[in-house]
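Please view the sequence and the structure together before reading on.

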Amino acid sequence: MPDELKMLVRGPDDPPLGIPGDGGNVLWGYKGSWVGVVYNTIDHKHVVRLVKPGTSVNMMTIWLLIDDELSKGEVPEVVDLVNSTGFLSVVNNLGHLGYGRPLCSTFAERYYGETDTLHLPFGEMTITPNDAKFITGLSIEGKSVKHKEYVQEIDWDKIYKWTKEVFQWDEEKTKQEMLLGKEKQRIFHLSRLRSNFMGTKKLRHEGKEVTRERIIATANVYVLYILGVVIFHDVSGARVNANFIQLLKHLTRYRTTLGALSSLHTL
């Protein structure tokens with residue numbers, strides 16, 4: 001919660017600013033809601049942080065999947081695997097995305113988590129799957145990740161099992177890579193993912209073997225990198241939640257769609 005000095009001054013009997021035209025009859029919890037806090041701050045930057053598309057663009061240019069130079073990018077097998085998931089369209093669309101700070105602030109003010117809609121002066125509206133499709137380029141058709149298959153916080157034993165399966169890491173390597181200071185956290189560092197897996201094309205150009213296991217692991221990690229950099233951007237801009245490794249089990253089984261991602265976002 002922001003400091004009281006950063007909030008607009010209101011008397012004890014004054015209605016909260018930004019209350020809907022119906023007096024709050026539908027959204028009866030507005031006064032104590034997070035959107036009410038946002039609306040009643042002097043400057044929204046104290047409670048809302050906008051993630052600029054440029055941040056994701058810069059992060060993705062550090063690890064290019066396709067590049068004309070022989071020493072940059074990944075081998076065609078990795079490109080094909082990542083392309084089969086449907087995620088490349090998200091990366092390709094990044095350069096065309098723009099945003100307006102006043103518009104984003106307005107949407108932040110008027111978004112109600114209780115109904116998952118935007119309450120604007122002309123009425124109520126929401127973001128539809130079609131809107132997300134046009135913005136991201138992701139498909140809205142395909143198999144979804146079932147809620148019962150996805151858990152909010154996976155056990156460490158499963159993390160060790162799945163990192164072995166999708167990254168070819170043993171338990172000790174996983175523990176080492178997931179340290180945040182001296183504490184083990186359920187996160188992967190994006191910079192470490194890059195340093196561990198980037199450069200299959202360079203390896204092959206140098207005459208070194210790029211094994212099938214390395215190809216699959218690199219494709220898995222690149223998808224996780226896209227999730228952390230573009231789709232589920234962490235405010236730190238430096239890490240990705242380890243829970244998303246659950247998605248990578250399905251990498252070669254079906255194409256990722258907005259339906260799959262939206263089901264995770266609501267968990």
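Is the crossing of α3 and α11 left-handed or right-handed? The crossing of α3 and α11 is right-handed; a crossing is left-handed if the near helix is turned anticlockwise from the far one by less than a right angle, and right-handed if clockwise. The model is predicted, so local features need pLDDT of at least 70 and side-chain atom pairs count only at pLDDT 80 or more, whereas totals for chains, interfaces and linings use all residues. Residues are numbered from 1 along each chain as its sequence is written, and side-chain values use heavy atoms, with hydrogens and water left out.

**Overall composition**

- The protein has 13 helices and seven strands; helices (H or I, at least four residues) and strands (E, at least two) are DSSP runs, numbered from the N terminus.
- Of its 267 residues, 39% count as buried, where buried means under 20% relative accessible area, exposed over 50%, and partly exposed in between (1.4 Å probe, protein chains only).
- Among contacts (heavy atoms within 4.5 Å) with a separation of 6 or more, 71% join residues 24 or more positions apart.

**Helix α11 and its partners**

- Two packed helices are described by the angle between their axes and the distance between the axes.
- Helix α3 (residues 76-84) packs against α11 at an angle of about 45°, with the axes 9 Å apart; axes are lines fitted to C-alpha atoms, for helices over the stretch in contact, and angles run from 0 to 180 degrees between N-to-C directions.
- The two helices α3 and α11 are therefore oblique to each other: angles under 35 degrees count as roughly parallel, over 145 as roughly antiparallel, 65 to 115 as roughly perpendicular and the rest as oblique.
- On the α3 side the contact is made by Glu 77, Val 78, Leu 81 and Val 82, and on the α11 side by residues including Ile 215, Ile 216 and Tyr 222.
- By class, the contact of α3 with α11 has eight nonpolar, one polar and one charged residues; Ala, Val, Leu, Ile, Met, Phe, Trp, Tyr, Cys and Pro count as nonpolar, Asp, Glu, Lys and Arg as charged, and the others, Gly among them, as polar.
- The axes of helix α9 (residues 190-197) and helix α11 (residues 212-231) come within 10 Å and cross at roughly 160°, and α9 and α11 are therefore roughly antiparallel.
- The α9 and α11 crossing is left-handed, and residues of its contact include Leu 193 and Phe 197 of α9 and Val 221 and Leu 224 of α11.

- Trp 156, Ile 159, Tyr 160, Trp 162, Thr 163 and Val 166 of helix α7 (residues 156-166) are buried.
- These buried residues pack against α8 (171-177), β5 (183-184), β6 (187-189), α11 and α12 (245-248).
- Gln 168 lies in the loop between α7 and α8 and is partly exposed, with a relative accessible area of 40%.
- Most residues other than glycine have a negative phi.
- Phi of Gln 168, however, is positive, near 65°.

**Two further loop residues**

- Asn 243, in the loop between β7 (239-241) and α12, counts as buried at 7% relative accessibility.
- A polar atom of the Asn 243 side chain lies 3.2 Å from the backbone nitrogen of Ile 154.
- Ile 127, in the loop between β3 (123-125) and α6 (129-136), is exposed, with a relative accessible area of 61%.
- The C-alpha atoms of Ile 127 and Thr 117 are 7.6 Å apart, and the two residues are separated by 10 residues along the chain.

Technical notes
Polar contact = N/O pair within 3.5 Å; in protein donor to acceptor, adjacent residues only side chain to side chain.
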